[in-house]
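Here are some notes to read alongside the model, written for someone meeting it for the first time. Please keep the viewer open as you go through the points.

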Amino acid sequence: MHEFSIIQNLIPQIEEFLLKGNYKKVNKILLEVGVMSGVIQDALEFAYDICSKGSTIEGAALSIRMVPVSASCEKCFIKFEVHDYSYLCPQCNGTDLKLLSGNELTIKEIEVEEA
Amino acid sequence: MTTKVITIDTQILEKNEIAASENRELFKKHKVLAINLLSSPGSGKTALLVNTCTVLKEKINVSVTVGDLQTEADALRIARSGVPVVQINTGTACHLDAHMVQLSLKSLPLAQTDILFIENVGNLVCPATFDVGEHLKVVLLSVAEGEEKPLKYPPIFQHADCVCINKTDLLPHVDFNLNQCRDNLQRICPQALVFEFSCKTGDGLSSWYNWLLNKWAAAYGEAC
């Protein structure tokens, strides 16, 4: 399950951030996960529960904000949310779209305790 | 005890993105067109590469890196076509990542390679998340898998530059609605070029070969 790989990438990044900022601990972590990123929220939470044990970030509450898929049409320039994975402009039926959101896998913010 | 909220805004897979960028730089330096080949297990990735390498090597230099959990079976099959190939065994990892591909490149003659095929682990979910530095994502499905496949696995199809429908020789024997599959692909990935062929009979493969050669020529401004 690749959500474990993702958490195994997350933990050292947070640990490094704590070290560089000389913070005592992290209390909360907010992630943004795009609906099209291929990552499942439940699986990510499960992987986090397992992998964070014994690490410097153990005990920090993980929040995941799922980001919907949105796009803009290169023909009529409207922006819209994509539903049911239908990549057609709802206004002109065009297929020349630019994806604006939905692929995110981002560490958005953390709440830390200062030393 | 004071707490504060800090905005970070970095990618979780930052290390993978860095390795993927390094791979891209290496490909650019050696004028290599890198193609990430993705599919479910059994769709015919290896058969496609055996056919493709056998034909393309007469016109262009091809190398292959293959990912599987275990064995060198696929690498050995591809090696018989006469092109350099290296096998990556991921152990239990369900996808290739940029670092794995980077390591494999040390065993390939990149300076003498024009097209590099990266045969990913058979999996239509996880490889969608991991950029390995490729220029093109090609997703393969076979007529034995059902025309709803693109609807069931939208992330990987949504990122595809090209979709290949394989095993068309089986169409008389399976309940596969080709027109419905084409409609599904148009809905999920309208930007993707679609090829339909049979690696068993060779029918339809010449368009795929020509597309690859044209893509390399367009990338590096040279004729093949």
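1. A definition to begin with: a crossing of two helices is left-handed if the near helix is turned anticlockwise from the far one by less than a right angle, and right-handed if clockwise. The model is predicted, so local features need pLDDT of at least 70 and side-chain atom pairs count only at pLDDT 80 or more, while totals for chains, interfaces and linings use all residues. Residues are numbered from 1 along each chain as its sequence is written, and chains are lettered from A and ligands numbered from 1 in the order in which they are written.

2. In chain B, α2(B) passes α8(B) in a right-handed crossing. Helices here are DSSP runs of H or I with at least four residues, strands are runs of E with at least two, and both are numbered from the N terminus. Helix α2 covers residues 45–56 and helix α8 covers residues 205–220 of chain B; they pack at an angle of about 65° with their axes 11 Å apart. Axes are lines fitted to C-alpha atoms, for helices over the stretch in contact, and angles run from 0 to 180 degrees between N-to-C directions.

3. Which residues of α2(B) and α8(B) meet? From α2(B) come B:Asn51, B:Thr52, B:Val55 and B:Leu56, and from α8(B) come B:Leu205, B:Tyr209 and B:Leu212. Contact means that the C-beta atoms, placed from the backbone, lie within 7 Å.

4. Now step back to chain B as a whole. Its secondary structure comes to 8 helices and 8 strands. Along its principal axes, the C-alpha trace of chain B spans about 70 × 40 × 35 Å.

5. Chain B holds an open sheet of 7 strands with parallel pairing, in the order β4-β3-β5-β2-β6-β7-β8. Two strands pair if DSSP finds at least two bridges between them. The edge strands are β4 and β8 (193–196) of chain B, each pairing on one side only. From one strand to the next, the twist averages 20°. Helix α2(B) packs on this sheet, touching β2 (33–39), β3, β5 (115–119), β6 (136–142) and β7 (162–166) of chain B, and its direction makes about 165° with that of β5(B).

6. At one end of that order, look at β3 (residues 62–68) and β4 (residues 85–89) of chain B, which run parallel and are joined by 5 bridges. The bridge partner of B:Val64 in β4(B) is B:Val85. Between the two strands the chain crosses through helix α3 (residues 73–79) of chain B, and this β-α-β crossover is right-handed: with the strands pointing away from the viewer, the path from the first strand over the helix to the second runs clockwise.

7. Chain A has 2 helices and 6 strands, following the pattern α-β-α-β-β-β-β-β along the sequence. Its C-alpha trace spans about 55 × 30 × 15 Å along the principal axes. A compact globule of 115 residues would have a radius of gyration near 13 Å, but chain A has 18 Å.

8. Where do the chains come together? The contact takes 30 residues from chain B and 27 residues from chain A. On the side of chain B, β1(B) gives the largest share, 9 residues. That side has 16 nonpolar, 9 polar and 5 charged residues.

9. Finally, follow a sheet across the two chains. An open sheet of 4 strands runs β2(A)-β1(A)-β6(A)-β1(B), with mixed pairing. Strand β6 (residues 105–114) of chain A and β1(B) pair in the antiparallel sense over 7 bridges, and A:Thr106 has B:Gln11 as its bridge partner in β1(B). Within chain A, 9 bridges join β1 (residues 23–34) to β6(A), again antiparallel.

Notes: Two residues are in contact if their C-beta atoms, placed from the backbone, lie within 7 Å. Ala, Val, Leu, Ile, Met, Phe, Trp, Tyr, Cys and Pro count as nonpolar, Asp, Glu, Lys and Arg as charged, and the others, Gly among them, as polar. The radius of gyration is taken over C-alpha atoms; the globule rule is 2.2 Å times the number of residues to the power 0.38.
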